[in-house]
Amino acid sequence: MPNSLALIRIVDDDPEMCDSLEFLLSTEGWKVKTYPSAEAFLAEDEPMVPGCLLLDIRMPEMSGLELQEVMAKDDYALPIIFITAHGDISMAVDAVKRGAFDFLPKPIDDTKLLTSVANAVELDWKRRSHHVDTLSAKKELGSLTPREREVAELVALGLMNKIIAEKLGIAEKTVQVHRGQVCKKLKVRTAVDIARVLDVLKD
């Protein structure tokens with residue numbers, strides 16, 4: 001079932017190809033927007049809208065590969081599915097190695113296209129969810145005092161309050177107070193939860 005919030009972008013200088021892909025995807029329930037060039041896509045697209053990008057590898061002006069490079073430099077992580085003519089397959093393989101999600105040779109197999117689009121959109125949602133989790137974790141960790149952060153990191157290692165107190169040269173009751181504040185600020189209850197929040201920032 002297509003995600004109603006996702007948008008499938010199509011960038012291709014061939015109007016017939018754009019129309020054909022838009023018709024197929026729309027019929028399956030996807031929201032679609034087409035662009036006649038890479039430049040138009042960069043000027044008009046809304047990066048905050050989840051989805052994926054169907055991108056022709058060869059276009060006048062800026063090519064699909066050049067657009068991929070621009071997006072990578074701008075940290076624009078929208079999954080890219082390259083559309084390729086037979087002679088461009090080696091280029092497409094290289095593009096996948098540089099981070100593209102998939103490539104589909106012409107003539108395009110409808111079933112493969114729909115499967116790849118669904119998988120690419122799912123990946124984009126997971127990436128965006130992780131990004132939100134990371135931002136939330138950064139904000140919550142930023143609210144900790146330096147001492148609370150020290151306590152949090154030692155708690156995450158599974159150390160008992162008594163051992164933490166010895167390591168930091170403070171009273172065990174003080175550790176308990178700091179630990180309570182850490183749990184409150186990070187909105188967690190256990191040492192495992194604290195470790196999970198810290199791990200989000202390591203990924």
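User: Which helix holds both R147 and E150, and how many residues apart are they?

Analyst: Both R147 and E150 belong to helix α6, three residues apart, which is about one turn of the helix. Helices here are DSSP runs (H or I, at least four residues), numbered from the N terminus. A word on the background: this is a predicted model, where local features need pLDDT of at least 70 and side-chain atom pairs count only at pLDDT 80 or more, while totals for chains, interfaces and linings use all residues. Residues are numbered from 1 along each chain as its sequence is written, and side-chain values use heavy atoms, with hydrogens and water left out.

User: What makes R147 and E150 a salt bridge?

Analyst: The term needs a side-chain nitrogen of Lys or Arg within 4 Å of a carboxyl oxygen of Asp or Glu. For R147 and E150, the closest N and O atoms are 2.9 Å apart, so the pair meets the definition. The structure holds seven salt bridges.

User: Why is R147 called partly exposed?

Analyst: Buried means under 20% relative accessible area, exposed over 50%, and partly exposed in between (1.4 Å probe, protein chains only). R147 has 29%, so it is partly exposed.

User: How do you know whether K126 is buried or exposed?

Analyst: Its relative accessibility is 54%, so K126 counts as exposed. K126 forms a salt bridge with E122, with the closest N and O atoms 3.6 Å apart. E122 has a relative accessible area of 43% and is therefore partly exposed. Both residues lie in helix α5 (residues 110-142), four residues apart.

User: Why are R149 and E153 separated by about one helical turn?

Analyst: Because they are four residues apart in helix α6.

User: What makes α6 and α8 roughly perpendicular?

Analyst: The axes of α6 (residues 146-156) and α8 (residues 172-186) cross at roughly 90° and come within 9 Å. Angles under 35 degrees count as roughly parallel, over 145 as roughly antiparallel, 65 to 115 as roughly perpendicular and the rest as oblique. The two helices are therefore roughly perpendicular to each other.

User: Which residues of α6 make the contact with α8?

Analyst: On α6 they are R147, E148, V151, A152 and V155. Contact means heavy atoms within 4.5 Å. On the α8 side, the residues include V175, H178 and R179.

Key:
Axes fitted to C-alpha atoms, helices over the stretch in contact; angles between N-to-C directions.
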